[in-house]
Amino acid sequence: MGLDNDGWGQSCAFLDYDGDGHLDLYVLNYVTYSLDMPQERYVVLGGRKVQDYLGPQAFSGSVSRLFRNRGGGTFVDVTRTAGVYKPNGKGMGLACVDFDGDGRTDIFVANDEVENYLFHNEGDGTFAEVGLQAGVAVSGDGRPKASMGVDVGDFDNDGRLDLVTPVVRQEVYSLFHNEGTLFTDVSWSSGLAATTGRTTGFSPHFGDFDNDGFLDLFFTNGEVVSRETGGADADDLARYGTPDLLLANDRVGHFVDVSGTAGPYFQRALIGRGAAAGDLDDDGRVDLVISNAGGPALVLRNEGGGGHWITLSLRDRGSNWEALGAKVWLTAGGQRQYRELHGGGGYLSANDRRLHFGLGGATLVDQVEIRWPDGAREVRRGLPVDRMLPIERKRP
């Protein structure tokens, strides 16, 4: 098929970057590594030397790959000709969405300890890397962070997709607010920084976990550098375990830590890595599946209350039948929400493709406007709430 990637693959995402109706593939690679490289690193715990992990600084970066779908079941590597060749990247998170609303899918790469990349789709089959100009390459104070995973979502319902990236302990997780063509680091003003400076995060998720019409935040956490806790004889959980975080959106641009009341799971110190979000039992509440290093996967069933909801499953006839790249604006109860069906998100995980909307007290969806991947628009009005609704594109 032409999908030859010999790197340390971290995540991947389908996207139709050239608008030909065929899904292309971006493969995110981490660092250049082999088992022949030196493996030893030690920390001092309780007066004894204890073996620990080597950090990303010990390795050189790696090239991620963009494969164009030629149709007929084959792909071609266009990494260089498309302008996304970056040999020093250390990719940990990937999101392929239209950030500036020009109708073309862009690519955001969250890198570990080096600047993030934002590849702007130029519309001629090439990309321009604009991370620094757009304000997402580094944090608001000008420092690259150990970005580990990414998710996108319109947390303030202004019709633009924002970015969140968790990082290592003693840094603070980054929340970038989309202003249109530029992003602003609102990690501190949103309350995110005050909550996240003591943890290391991996897989973030924007999701309306209480169905009030505003996106909340979930982070899977787990350390990568051994802590003093328990001394040299401590097990891995004591050295690397950290509780996960659930932050509620207060509807005015701030996030509040509600982990203490979200259930006993959030009091457990685990070594979290991957997490996938989706409504597993079709009850209208977003659930979570979490993978932990050195432990079993866990399923968190959302049993919270909250408002009404609707979940849309889009289908478009043709090669892009999942309608990746479709945009949806939903109006209900005087509130307008925006989603884009996109590739990527989280860390080493794949989420529910369906688009979930919390509706609060609204008992009717006034309007759903869909922009299909090829730009065609469709409007549905007067939709019922509290149900899964398949929407297949209407064609002449």
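In the predicted model, five strands are arranged as an open sheet with antiparallel pairing, and their order is 10-9-8-7-25.

Strand 9, which spans residues 117-121, pairs with strand 10 in the antiparallel sense through three bridges. Within this pairing, N121 lies opposite F127 of strand 10. The two strands form a hairpin with five residues between them, and G123 in the turn has a positive phi of about 85°.

Strand 9 also pairs with strand 8 (residues 106-111), again in the antiparallel sense and over three bridges. Here V109 has Y117 in strand 9 as its bridge partner. Strand 8 and strand 9 likewise form a hairpin with five residues between them; in this turn, E113 has a positive phi of about 70°.

The residues of strand 9 were also examined for burial. Five of the five are buried, so strand 9 is largely enclosed by the rest of the structure. Both of its faces are covered: one side carries Y117, F119 and N121, the other carries L118 and H120, and all of these residues are buried.

A separate feature concerns the surface. W8, Y33 and L35 make a nonpolar surface patch of about 340 Å². Of these residues, W8 is located in the segment before strand 1 (9-15). The relative accessible area of W8 is 37%, so W8 counts as partly exposed, a class that lies between buried (under 20%) and exposed (over 50%).

Terms used
Residues numbered from 1 in each chain as written. Predicted model: local features only at pLDDT ≥ 70, side-chain atom pairs only at ≥ 80, totals over all residues. Heavy atoms only, no water. Patch = residues over 30% accessible without salt bridge, like charges linked within 9 Å, V, L, I, M, F, W, Y side chains within 5 Å. Areas by Shrake-Rupley, 256 points an atom, 1.4 Å probe, with all protein chains shown as cover. Salt bridge = Lys/Arg side-chain N within 4 Å of Asp/Glu carboxyl O. Helix = DSSP H or I, 4+ residues; strand = E, 2+ residues; numbered from the N terminus. Buried < 20%, exposed > 50% of the residue type's maximum accessible area, 1.4 Å probe, protein only. Pairing = 2+ DSSP bridges.
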